Amino acid sequence: GVTHTWTNYSDAGGSEGPSIAAYQTVQVTCAVQGFRVADGDTWWYQIASSPWNNAYYASADAFYNNGETSGSLQGTPFVDPAVRTC
């Protein structure tokens with residue numbers, strides 16, 4: 001689904017940025033721990049792609065994190081271990 005982006009990953013707040021569309025590919029800069037989403041995931045990605053330009057973060061929970069590009073997100077890891085920590 002659509003993923004919302006925020007300037008503040010620690011409380012999923014600050015200014016809301018442009019949403020990431022379902023199945024949209026984006027580049028990420030790094031992963032950081034912050035606000036805990038409903039299923040307990042605390043990992044967030046800094047979004048490198050334009051128009052986010054490293055100013056916005058999205059919960060890693062919305063991404064596959066396992067190399068897949070389609071299918072269910074159920075059971076996928078909270079964060080991609082290949083993404084460096086901020």
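Read along the sequence, the protein follows the pattern β-β-β-β-β, and its secondary structure comes to 0 helices and 5 strands, where helices (H or I, at least four residues) and strands (E, at least two) are DSSP runs numbered from the N terminus. This is a predicted model, in which local features need pLDDT of at least 70 and side-chain atom pairs count only at pLDDT 80 or more, while totals for chains, interfaces and linings use all residues. Residues are numbered from 1 along each chain as its sequence is written, and side-chain values use heavy atoms, with hydrogens and water left out.

The overall dimensions come next. Along its principal axes the C-alpha trace spans about 30 × 25 × 25 Å. The radius of gyration of the protein is 12 Å, which agrees with the value near 12 Å for a compact globule of 86 residues; this radius is taken over C-alpha atoms, and the globule rule is 2.2 Å times the number of residues to the power 0.38. Of the 86 residues, 34% are buried, where buried means under 20% relative accessible area, exposed over 50%, and partly exposed in between (1.4 Å probe, protein chains only).

Leaving aside neighbours within four places in sequence, Trp52 is in contact with Thr5, Pro18, Ser19, Ile20, Gln24, Val26 and Ile47, contact meaning heavy atoms within 4.5 Å.

The structure also holds 1 disulfide, a pair of cysteine sulfur atoms within 2.5 Å. Cys30 and Cys86 form this link, with their sulfur atoms 1.8 Å apart, and it joins distant parts of the chain, Cys30 lying in strand β3 (residues 28-33) and Cys86 in the segment after β5 (57-59), 56 residues apart. With 90° about the S-S bond, the link of Cys30 and Cys86 is right-handed. Cys30 counts as buried because its relative accessibility is 3%, whereas Cys86, with a relative accessible area of 46%, is partly exposed.
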